[in-house]
Amino acid sequence: MKNMPNTSQSKFCDQVLEKISSGKAKMRSKSYFILRTTLFLFEILFVSFLLVYLISFIFFLLHETGIWFAPSFGLRGVQIFLTSLPWVFIFFIFLIIIFLEILLKRYTMVYKHPFLYSMFIIFLMSLLFGALLANTSLHRNFLRQAEKGELPLVGSFYRGFCGKRFSEVHPGRVVDFTQNVICIQNKNGDIVAVFIEPNTKFPVGRHIQKGDHVVIMGNREQNHILAMGIRPVREESLEPIEDEVISDDAKEKCDLVVKEK
Amino acid sequence: MPEKTDEIIAQEVQAGDTESFGILVSRYEEKMKRYSRRFLFGYEESQDVVQEVFLKAYIHIQSFDTKQKFSSWLYRIAHNEFINAIKKKGKEALPFFDPDVLFPHPVAKEDTEDEVYRKEIRKMLDDCLSQINPKYREILVLYYFEEMDYKEISEVVHIPTSTVGVRLKRGKDTLKKIYTKKHEKYA
């Protein structure tokens, strides 16, 4: 049986119903809310992906430039690591986290807990997924395409950040070595002589051979580095430079560079 | 015949029975008016705002999940409309960001206050409403006049339950100070 409205309903109630029946207030359809929710979920997914992508890019960038390994050289390395972090990027990521938090605040699971808890969880999840994404070949492939000029929009972004050189951290590949000098070839093809000093640190041991990827900590002057620290790096951390990159006359160039000093 | 629940009536409205919406309006008219009179104390257009609340509820009725409580949903709409009214008027400052919701607070147990104490607070509230910050005023009104618990208030205002407890305590402390000061002045 249909529930009849109360015959003694108030004037206020009549006014509300009158506005509804006159069309001043129209009920929005269910599809409108389904569409709105869908768009909102897409917005959340997009922002989440952007966050994970940017964090994974930072992981990739730190590995690519060798900065990731700087803390293994001790306090000075930690200092270099902290000062070399892309802080503007990190600040931007922080803003995205806040924005994502605001988007998610309409859900009970988020608003029922203090802001900091949910921010922390968002941050942790982004770090985890960012690390996982950084381990794939996505950024590596983008960088290759960017270096060939084949990556639209974000090509300069990859070239700019990944091509950045730091004065005290130098990744490269060993092309030749003696007891006291290691020659490395960097991504630009430069041959750099690394001089081992008595206080040079070897955080993971001295066993280095030709072809190894290494990260050197020390100040570079022209083509010489007085090494404060040397560490080999596993291939999965740094992309193996294709064999063709190590030039045939690398040893001769190495000898020349050593003589220059 | 047992009275239909709000949620069943809302379902009927969703199905197209506009007349049934009148039942919901009748049921909540006085509550909404009371809530608005106290939260929007001194705002002449508070009754117009209440009308807006019901119209918004009708417009958005299809978004209401009938498995949830209708009253919480309606109070949430009312909260949003009242906040908009305060912002529009610009008479009272509403902070963009509230540090209360940033940090965790120790979970305060809901006080089982006796009715005499509650009456006393209501009396003080009626006397000093306009002088209390809207942030605390709303919580006090919802707790002492609308007789909601922490969980229900949390759902209306969208803040953590612990923050409800903190605001309630601060609101009561502020209220007592204002009331004491006011009555000392006239003593």
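**Exercise 1.** Which residues are exposed on the other side of α5(B)?

*Solution.* The model is predicted: local features need pLDDT of at least 70, side-chain atom pairs count only at pLDDT 80 or more, and totals for chains, interfaces and linings use all residues. Residues are numbered from 1 along each chain as its sequence is written, chains are lettered from A and ligands numbered from 1 in the order in which they are written, and side-chain values use heavy atoms, without hydrogens and water.

Step 1. Helices are DSSP runs (H or I, at least four residues), numbered from the N terminus; α5 of chain B covers residues 115-128.

Step 2. Buried means under 20% relative accessible area and exposed over 50% (1.4 Å probe, protein chains only). The buried residues of α5(B) are R118(B), I121(B), R122(B), M124(B), L125(B) and C128(B). They cover an arc of only 165° around the axis, so they lie on the same side of α5(B); the arc is that of the directions from the helix axis to the C-beta atoms.

Step 3. On the other side, V116(B), K119(B) and K123(B) are exposed.

**Exercise 2.** Determine what L125(B) touches.

*Solution.* Step 1. Contact means heavy atoms within 4.5 Å. Leaving aside neighbours within four places in sequence, L125(B) is in contact with I132(B), L140(B), Y144(B), F145(B) and L175(B).

Step 2. A nonpolar core is a set of buried Ala, Val, Leu, Ile, Met, Phe, Trp, Tyr and Cys residues joined through side-chain atoms within 4.5 Å. In the largest such core, of 63 residues, L125(B) is among those that touch the most other members, including F21(B) and F54(B).

Terms used
Helices (H or I, at least four residues) and strands (E, at least two) are DSSP runs, numbered from the N terminus. The expected span of a helix is 1.5 Å times one less than its number of residues.
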